[in-house]
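Morning, everyone. I have one structure to walk you through today. Please have it open as we go.

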Amino acid sequence: MINDHWLLIIPPRWDLWNIHPSVAAGLVLLGGLYVYLGGLTSARRHVASFFGALVVLFLALNGPLHNLSDKYLFSAHMAQHLLLTLVFPPLLLYGTPASIVRVFLRVGWVMSLARVITRPLAAAILFTAPITIWHAPALYEAALRNHNLHIVQHLIFLTTAVVMWWPVLSPVPELPRIPHLLQMLYLFLLGIPMSITGALITLSSSVLYPVYASAPRVWNLSPIEDQQIGGLLMWVLGGLMLWIVMTVIWFRYSVWDQRGNAEGGVPVEAYSNDQ
């Protein structure tokens, strides 16, 4: 008979589809609020974007990817973080109509706080600082070993990432988007700290996170190979994702520029639920 102690330390199979109640509850709450506050009356592409964000969140925090990231592979954890910070937030913001956001902005202190933290410099710092600090080996290991702390880490990443994307994809003119050229510069500068952190992880000659060194091996990846792949995901793939967004912004800017209304047309087009 297996001792209970071993049941606590042997990780589950990584390919199991276990659904975490806290994640399911959060998804139901987000989706329920969206429906209750009239989100389904938005254009189809917005509704699809919002529920696409919920699907991304579900896949990132449940099932094989979550199991791999928690108990087996550092690289899977990096893939999870990219989904949480660079895929979920833009889908969420693009899919959320101004009418829903304004429900929360009617609370005085929320609007006052939002006016400060959604400015580009503040938003960039709020996003970059936690991402960098949480990848310090001591904090990273602590989050992996303490489930409640890990939940806090993910909530911080999700919240600060939504704030980070706000100057580019704000749904409301009261907290406006910045001009297109500044959006590109903003995203370019944001990619620098992430690239540096990813490069330092990739080029490290030693395993930075011991919990992964002692984890069961998957796909015959050694701990240092796994760490290098994870660093490359942050360094290269994370940067590439930002460059793709910058390219889209450039083409949108170019189209508007040809119409002679590059910046003046942005507020109307950007905040219309029919776009």
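A word on residue classes before we start: Ala, Val, Leu, Ile, Met, Phe, Trp, Tyr, Cys and Pro count as nonpolar, Asp, Glu, Lys and Arg as charged, and the others, Gly among them, as polar. This is a predicted model, in which local features need pLDDT of at least 70 and side-chain atom pairs count only at pLDDT 80 or more, while totals for chains, interfaces and linings use all residues. Residues are numbered from 1 along each chain as its sequence is written, and side-chain values use heavy atoms, with hydrogens and water left out.

Pocket first. On a 1 Å grid over the protein atoms alone, a pocket is an open set of points with protein on both sides within 12 Å along at least five of seven lines; a cavity is a set where a 1.4 Å probe fits but cannot get out; lining residues have an atom within 4 Å of a point. Points are joined across faces, edges and corners, and a volume is the space filled by probe spheres set on them.

The largest pocket has a volume of about 1,200 Å³. Its lining takes in 40 residues, and nearest the centre lie Leu 30, Leu 92, Leu 158, Thr 159 and Val 162. What classes make up the lining of the largest pocket? There are 29 nonpolar residues, 11 polar and no charged.

Helices here are DSSP runs (H or I, at least four residues), numbered from the N terminus. Those giving two or more residues to this lining are H2 (21-36), H3 (44-61), H5 (74-95), H6 (98-105), H7 (108-117) and H10 (147-169). H10 gives the most, with 11 residues.

Now cavities. The structure holds four of 30 Å³ or more. H5 supplies the largest share, four residues. By class, that lining has five nonpolar, three polar and no charged residues.

On to the cores. A nonpolar core is a set of buried Ala, Val, Leu, Ile, Met, Phe, Trp, Tyr and Cys residues joined through side-chain atoms within 4.5 Å. Buried means under 20% relative accessible area, with a 1.4 Å probe and protein chains only. The largest core has 60 residues, and Leu 86, Trp 165, Tyr 186 and Leu 187 touch the most other members. H10 gives the most to this core, with 10 residues.

Which residues does Trp 165 contact, leaving aside neighbours within four places in sequence? Among them are Leu 86, Pro 89, Leu 187 and Val 245. Contact means heavy atoms within 4.5 Å.

Last, the rings. Rings of Phe, Tyr and Trp (its six-membered ring) pair if their centres lie within 6.5 Å; planes under 30 degrees apart are stacked, over 60 edge-to-face, the rest tilted. The whole structure has 12 aromatic pairs. Why is the pair of Phe 74 and Tyr 212 called edge-to-face? Because the planes stand at 70 degrees, with the ring centres 6.0 Å apart. Phe 74 sits in H5 and Tyr 212 in H12 (residues 210-213), 138 residues apart. Tyr 140 and Tyr 212 also pair, tilted, at 6.4 Å and 55 degrees. Tyr 140 is buried, at 1% relative accessible area. Tyr 212 is buried too, at 3%. Ring pairs link Phe 74, Tyr 140, Tyr 209 and Tyr 212 into a cluster.

Methods:
Buried means under 20% relative accessible area, exposed over 50%, partly exposed in between (1.4 Å probe, protein chains only).
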